[in-house]
Number of protein chains: 2
Amino acid sequence: MAALLNERKEQILKAVVINYVITAEPVGSRTVSRSHRMGLSSATIRNEMADLEEQGFLVQPHTSAGRIPTQLGYRYYVDNLMDLSDLSDDDELALSNSLSTEKMREIEQIINNSARVLSSATNQTSLIMGPQFRKSAFHHLRILPLDEKRGLVVLITDTGFIKNKVIDMQQQLSQAELHQVVSYLNQKLYGLTIDQVTTSLINELKRDLFKRLEILEQAFILLEESLKEEKQIRVFLGGTTNILNQPEFKDVDKIRRMLNLFEQEPLLFKILEDTSSEDNIVVRIGAENEHADIQECTLITGTYKIHDKTLGTVGVLGPTRMDYGHVIGVMRRLVNYLNKSLSS
Amino acid sequence: MAALLNERKEQILKAVVINYVITAEPVGSRTVSRSHRMGLSSATIRNEMADLEEQGFLVQPHTSAGRIPTQLGYRYYVDNLMDLSDLSDDDELALSNSLSTEKMREIEQIINNSARVLSSATNQTSLIMGPQFRKSAFHHLRILPLDEKRGLVVLITDTGFIKNKVIDMQQQLSQAELHQVVSYLNQKLYGLTIDQVTTSLINELKRDLFKRLEILEQAFILLEESLKEEKQIRVFLGGTTNILNQPEFKDVDKIRRMLNLFEQEPLLFKILEDTSSEDNIVVRIGAENEHADIQECTLITGTYKIHDKTLGTVGVLGPTRMDYGHVIGVMRRLVNYLNKSLSS
DNA sequence: TTTAGCACTCTATGCCTCAGAGTGCTAAAT
DNA sequence: ATTTAGCACTCTGAGGCATAGAGTGCTAAA
């Protein structure tokens with residue numbers, strides 16, 4: 001960690017960041033000296049800024065331009081200088097309105113709404129990772145016969161996740177047989193997380209059950225299949241077009257790269273998962289992100305929980321020039337709402 | 001319908017369209033006379049082109065430029081001149097591979113895959129409307145109790161559509177009571193399309209049932225709710241970034257408008273539904289589209305069916321400068337595959 | 001009816017200039 | 001020892017201008 005700056009340098013750095021976030025233009029010494037009434041002439045500021053540049057907090061796009069913050073500059077700002085802005089009343093209202101638990105029983109809907117709210121309150125793109133099915137605990141399983149040849153498997157987890165899948169049943173099963181198998185499975189699997197339902201466990205059960213009821217090969221294959229399939233998780237996006245409003249994305253090529261990224265759910269998932277610090281809000285600025293395509297961006301993430309168990313991650317993605325205080329404020333609030341909503 | 005052109009004019013129009021589709025540059029008389037070896041000098045072509053312009057099939061972007069087709073020109077081309085290209089072997093392979101029915105029991109997956117294939121084979125954005133739940137016929141309904149206070153309603157249609165929803169049950173119901181209600185409902189609703197399950201019908205049933213079993217207010221509200229909710233349908237997109245490859249979309253503002261459109265499912269749904277001619281493939285060029293935001297685009301749509309019953313619509317959206325023959329060829333093929341896959 | 005030839009038009013490109021913004025340095029002021 | 005005023009210097013971006021190139025329309029000859 002670089003040494004701390006003296007207060008005057010801090011004030012100047014802060015002024016540059018704030019100004020640059022608003023205008024997207026390099027900030028000159030004159031502007032700082034004027035707008036932030038710190039009673040110093042532009043010449044003095046110039047000297048300080050030269051220092052800040054030497055220490056790596058600021059850069060000039062070219063010799064005769066103002067300064068813009070480096071990633072290090074943003075980092076310092078976030079760690080030491082940032083004011084957490086609270087929500088505006090409008091935002092507050094919009095948030096609580098669209099997340100009122102009233103009409104939203106389905107978790108998908110809550111998540112989707114959250115993505116919308118988050119993106120519109122921050123003017124950035126938002127990503128939300130749904131509950132991680134495979135980390136939920138098995139609650140119970142049902143098989144509904146649909147007709148002679150098909151059945152519907154319904155899998156329910158402790159977090160209220162419901163997964164269903166139509167299966168073919170080669171051999172016809174009587175109600176009684178079916179019931180027998182299902183209740184055996186329920187008994188054995190209860191309380192395990194989906195992650196723990198490994199192939200080997202399934203095989204074991206299969207052997208077990210095989211002795212008692214030979215017909216059920218098929219049912220197991222299906223259970224396996226339905227679990228495998230869930231390896232990748234849905235990531236919900238909101239406000240993907242917001243990124244087009246940022247002047248740093250006026251280049252069609254950059255836009256293409258970002259949108260391409262947005263189309264690849266597994267990648268998004270990986271990006272979000274990498275940041276999960278299990279606790280609180282994480283800010284990744286520029287190259288602090290692993291994925292190459294977002295190294296000009298900042299990703300801010302938080303996690304939401306149900307009864308203290310981490311369910312998923314919410315994120316905001318935008319250019320490094322972003323209103324950190326505001327975004328973090330909004331995200332705090334959103335995570336709180338989510339935690340409350342989901343725990344009831 | 002405008003009068004038909006003589007053969008020479010047709011050849012020239014065709015040459016201009018084909019050339020322009022490839023190069024995206026205005027086509028000059030010299031180019032036509034050379035590349036399409038029709039044994040005429042550029043001067044002659046020039047005269048004919050002037051005629052074609054007067055008749056509204058071609059335009060010049062400026063006085064000293066080549067010509068590009070107007071919407072009328074494209075229309076004439078599609079109606080009278082177009083060669084339907086068959087698929088390349090590669091495309092063919094990709095198509096049959098990714099749509100092999102093997103691993104895809106879920107309809108969502110089939111649709112999703114189709115969207116991907118369609119967009120990558122055409123290099124355009126594809127839109128696919130999933131099966132219209134509300135036009136499916138009611139098959140049967142189950143209610144699974146989850147715990148004391150919650151149940152899972154499962155609704156199954158004749159087209160294999162499965163819709164489930166968790167409901168709260170204020171009053172506890174015994175298994176027997178539940179069973180009674182459910183079987184009554186099944187009997188009454190069987191065979192109706194979801195559209196036909198109107199609020200008034202539900203009310204009627206409610207009265208009916210009320211006499212016999214007072215507790216079930218709640219269950220009905222839930223059925224109603226779950227139906228209402230399905231009014232809007234999912235539209236699956238593929239290759240949204242393809243649109244960025246088109247030179248006509250190098251303007252960030254246009255891009256924003258398109259992407260914005262893509263984010264609004266209900267609008268997309270409306271656009272797709274408007275074109276449903278119930279039969280065969282429909283081409284809407286430019287202003288032939290109702291929606292203002294796609295009047296510089298061409299939308300080509302087709303419908304897929306299961307047992308002769310129209311399920312949904314697939315579409316390809318791109319600039320009016322598009323390889324009509326190829327897109328239509330691919331779409332034909334895809335629709336055939338879909339029809340076959342779904343009917344088995 | 002077709003074509004060669006030519007004058008004309010329009011765009012896109014590169015080059016130049018110049019104003020404006022902002023800097024760094026030096027010397028004076030506090 | 002700081003701070004500030006003043007000044008020369010640098011770099012960008014916008015505007016103006018000339019030019020090459022592509023393509024046309026028209027006229028007159030084939």
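Which residues come nearest to DNA strand D?

**View 1. Protein residues around DNA strand D in the predicted model.** Of the atoms of DNA strand D that come within 4 Å of the protein, 73% belong to sugar and phosphate.

This is a predicted model, in which local features need pLDDT of at least 70 and side-chain atom pairs count only at pLDDT 80 or more, while totals for chains, interfaces and linings use all residues. Residues are numbered from 1 along each chain as its sequence is written, chains are lettered from A and ligands numbered from 1 in the order in which they are written, and side-chain values use heavy atoms, with hydrogens and water left out.

**View 2. Polar contacts to DNA strand D (pairs of N or O atoms within 3.5 Å).** A polar side-chain atom of B:Arg46 is 3.0 Å from a base nitrogen. For A:Thr63, a polar side-chain atom lies 3.4 Å from a phosphate oxygen.

**View 3. The largest nonpolar core, with 53 residues.** Such a core is a set of buried (under 20% relative accessible area, 1.4 Å probe, protein chains only) Ala, Val, Leu, Ile, Met, Phe, Trp, Tyr and Cys residues joined through side-chain atoms within 4.5 Å. B:Leu13, B:Ile300, B:Tyr304, B:Val314 and B:Tyr324 touch the most other members.

Definitions and conventions. Near = heavy atom within 4 Å. Polar contact = N/O pair within 3.5 Å; in protein donor to acceptor, adjacent residues only side chain to side chain. Buried < 20%, exposed > 50% of the residue type's maximum accessible area, 1.4 Å probe, protein only.
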